[in-house]
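I opened the notebook to keep track of what I look up in this one.

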Amino acid sequence: MASPAGKDWARPLVEPAMDTVNPRGRVRVERSQKRLRTYLGQELVADIARPLLVWEVPYYPSYYIPVADVRAELIASGDMEHSPSRGDAELYHVKVARATAPRASRRYPDSTIEELRDAVHISWQAMDEWLEEDEPIYTHPRDPYTRVDILASSRHVEIKVEGVTVADSHQPRILFETGLPPRYYLPLAHLRLDMLTTSDTETHCPYKGTANYWHLSVNGERHEDFVWIYRAPLPESQKIAGLAALYNEKVDLYLDGELQDKPHSHFT
């Protein structure tokens, strides 16, 4: 997972960014206004009114939690990890009465990024549940500078793979997501369903929900996980429910008869 109006629309959601220069460039740190809770073994691990958002990678932030707001026991593992941008991390087991998550937390007590020194990062995958306010969130924190707009359109979308038309529609829903190319979601009846076979792959998006995939077979060649669908998307993305999309980066996409340039993204 760009907004046509740029990114300033989201700035009231957070305090001004604290950018720290380090050998890998800038690590962006902001304080969120959302209450955050996380659970392990159905027990509360942390409850924080204003967690830190830290962009460890460019695509989305991670949550860092002040040590004082961690309810679980943090047990030193004796292990360390090094990050070129954040420094040396001490690894901790996260323990509650019913469960322990080994090496699921890290802390950078001597980081050059001052805001991180008294905070811990808890592994997203190691926890059972994360809540922003009272709503579950999935995969990773929502980026306050990412916006998703889904617009109905009557534009003619034709998609070809290896010269073969695999989709043709005048009823796309176009999804515009900050930092990604537009995605064209099409009714299933407008795809060559005879070319699709079900995949076991399932992915999760904090803005759209859970996606399921198909492989696409063209001219005897199978393209793995080439088509996806959100059958029951999150409320803010209901307009794409039951519609299918393909990666613009990997197909020849014609919009109103004009071949579009293949975009470059981390899905390329």
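Predicted model: local features only at pLDDT ≥ 70, side-chain atom pairs only at ≥ 80, totals over all residues.

**Entry 1: a pair of strands.** I started with strand β14 (residues 157–161) and strand β22 (residues 252–255), which pair in the antiparallel sense over 4 bridges. Strands here are DSSP runs of E with at least two residues, helices are runs of H or I with at least four residues, and both are numbered from the N terminus. Two strands pair if DSSP finds at least two bridges between them. I looked up one position too: V157 stands opposite L255 in β22.

Residues are numbered from 1 along each chain as its sequence is written, and side-chain values use heavy atoms, with hydrogens and water left out.

**Entry 2: the sheet around that pair.** From my course notes: strands of a sheet pair through backbone hydrogen bonds, either parallel or antiparallel.

**Entry 3: Y254.** I stayed in strand β22, where Y254 is found. What sits over the ring of Y254? The charged end of K160 does, 5.3 Å from the ring centre. (A charge sits over a ring if NZ of Lys or CZ of Arg is within 6 Å of the ring centre and within 35 degrees of the ring normal.) Y254 counts as partly exposed because its relative accessibility is 21%. The cut-offs: buried means under 20% relative accessible area, exposed over 50%, and partly exposed in between, with a 1.4 Å probe and protein chains only. I also checked Y254 against I159: they are 95 residues apart in sequence but 6.2 Å apart in space, C-alpha to C-alpha. Elsewhere, R28 lies over the face of W55, at 4.9 Å from the ring centre.

**Entry 4: aromatic rings.** I searched the whole structure and got 5 aromatic pairs. One of them is Y185 with W228, edge-to-face, 6.2 Å centre to centre and 80° between the planes. This pair links distant parts of the chain, with Y185 in strand β17 (residues 183–187) and W228 in strand β20 (residues 221–229), 43 residues apart. (Rings of Phe, Tyr and Trp, the last by its six-membered ring, pair if their centres lie within 6.5 Å; planes under 30 degrees apart count as stacked, over 60 as edge-to-face and the rest as tilted.) Are Y185 and W228 buried or exposed? Both are buried. Ring pairs also link Y185, Y213, W228 and Y247 into a cluster.

**Entry 5: strand β6.** How many residues of strand β6 (residues 62–66) are buried? I get 5 of its 5. Both faces are covered, with S62, Y64 and P66 on one side and Y63 and I65 on the other. β6 pairs with strand β5 (residues 52–55) in the antiparallel sense over 3 bridges, and L53 stands opposite Y63. β5 and β6 form a hairpin with 6 residues between them. β6 also pairs with strand β10 (residues 119–122), again antiparallel and over 3 bridges, and there Y64 stands opposite H121.

**Entry 6: another open sheet.** I found 4 strands in the order β4-β3-β11-β12, with antiparallel pairing. The edge strands are β4 (43–48) and β12 (135–136), each pairing on one side only. Strand β3 (residues 36–40) and β4 are joined by 5 bridges, and the bridge partner of T38 in β4 is A46.

**Entry 7: backbone angles.** Most residues other than glycine have a negative phi, and most peptide bonds are trans. R103 has a positive phi near 50° and is found in strand β9 (residues 100–107). D225 has a positive phi of about 45° and is found in strand β20.

**Entry 8: the whole chain.** Last, I looked up the totals: 0 helices and 23 strands. Of the 268 residues, 46% count as buried. The C-alpha atoms fill a box of roughly 60 × 40 × 35 Å, taken along the principal axes.
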